[in-house]
Amino acid sequence: GSDDSVEAHAFDDIKSLIKNDSGAKSDSLSSLPQAAFNYINSIVGSGVIGIPYAFHKAGFGLGLLLLIIVAYVTDYSLILMVRCGHICGRFSYPGVMEAAYGKWGYYLLSILQFTYPFLAMISYNVVVGDTLSKVLVRFMPSWGNSMGAVRAAVVFVVTACIITPLCLYKNVSRLARASFLSLVCVVFILFAVMCKLISGEYNVV
């Protein structure tokens, strides 16, 4: 009956997440540090760029209020998603969408899960191309006459040598080292900005 169908779907979802190999722990499962690095990096990565700009435009008070509201809505939506998973017996995001909206919901989620990271990578390429090309020109002033070519070369090299290899991983836990390195770079950038700010080289508007 319907209970058997729910149990079958739940078993399929669990089997896709956990690989039972003679009771051994699967290599596909992330350890706590790996999950922490990936989770923190997913939050800090885009937030470092977006949140300061949002606070600059909205003001500190309104920006902080909006940030709290978004955090509450996000937390509540996650609670609802977990409850839906327990009710329908599906333990993955695509599984919940399929149980709630059928195959079309599953396909829509698949499209959105592809589109969002794809657009995010484009935005990161734009940021990397704009910033790293200026850094290179400071070391190689002669390249300043062809900024467009330098920017295109930077975007190509970063995409081919960094972004594409990271996208080829089938297991998210493999990204833990890259996430850790990214967090180290964020801390370094924050430290450098604070040093510049304390020295008076930056003017806070």
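This is a predicted model: local features need pLDDT of at least 70, side-chain atom pairs count only at pLDDT 80 or more; totals for chains, interfaces and linings use all residues.
Being 4 residues apart in helix 4, Phe114 and Phe118 are separated by about one helical turn, where a helix is a DSSP run of H or I with at least four residues, numbered from the N terminus. An α-helix has 3.6 residues a turn, so residues three or four places apart point the same way. Residues are numbered from 1 along each chain as its sequence is written, and side-chain values use heavy atoms, with hydrogens and water left out.

Helix 4 covers residues 93-139, and within it Trp104 and Tyr107 lie 3 residues apart, again about one turn of the helix. Trp104 counts as exposed because its relative accessibility is 72%, while Tyr107, at 44%, is partly exposed; here buried means under 20% relative accessible area, exposed means over 50%, and partly exposed lies in between, with a 1.4 Å probe and protein chains only. The rings of Phe114 and Phe118 have centres 5.6 Å apart and planes at 15 degrees, so this pair is stacked. Rings of Phe, Tyr and Trp (its six-membered ring) pair if their centres lie within 6.5 Å, and planes under 30 degrees apart count as stacked, over 60 as edge-to-face and the rest as tilted. Phe114 is exposed, with a relative accessible area of 55%, whereas Phe118 is partly exposed at 41%.

How many aromatic pairs does the structure hold? The structure holds 5 aromatic pairs. In one of them, Trp104 and Tyr107 have ring centres 6.2 Å apart and planes at 85 degrees, so the pair is edge-to-face. Ring pairs also link Trp104, Tyr106 and Tyr107 into a cluster, and the charged end of Lys103 sits over the ring of Tyr106, 5.9 Å from its centre. A charge sits over a ring if NZ of Lys or CZ of Arg is within 6 Å of the ring centre and within 35 degrees of the ring normal.

The course of helix 4 can be followed next. A straight helix of 47 residues would span 69 Å at 1.5 Å a residue, but helix 4 spans only 47 Å between its end C-alpha atoms; the expected span is 1.5 Å times one less than the number of residues. Helix 4 has a kink of about 140 degrees centred on Tyr101, the bend being the angle between axes fitted to the seven residues ending there and the seven starting there. By comparison, helix 3 (residues 60-88) has 29 residues and reaches 42 Å from its first C-alpha to its last, close to the 42 Å expected.

Other parts of the chain come together elsewhere. Asn41, found in helix 2 (residues 32-58), touches Ser179, Ser182 and Leu183, not counting residues up to four places away in sequence, where contact means heavy atoms within 4.5 Å. Ser179 belongs to helix 6 (residues 176-199) and is buried, with a relative accessible area of 6%.

Finally, a search of the whole structure finds 0 disulfides, a disulfide being a pair of cysteine sulfur atoms within 2.5 Å. The sulfur of Cys88 is 6.8 Å from the closest cysteine sulfur, in Cys84, which is too far for a bond.

Terms used. Helices (H or I, at least four residues) and strands (E, at least two) are DSSP runs, numbered from the N terminus.
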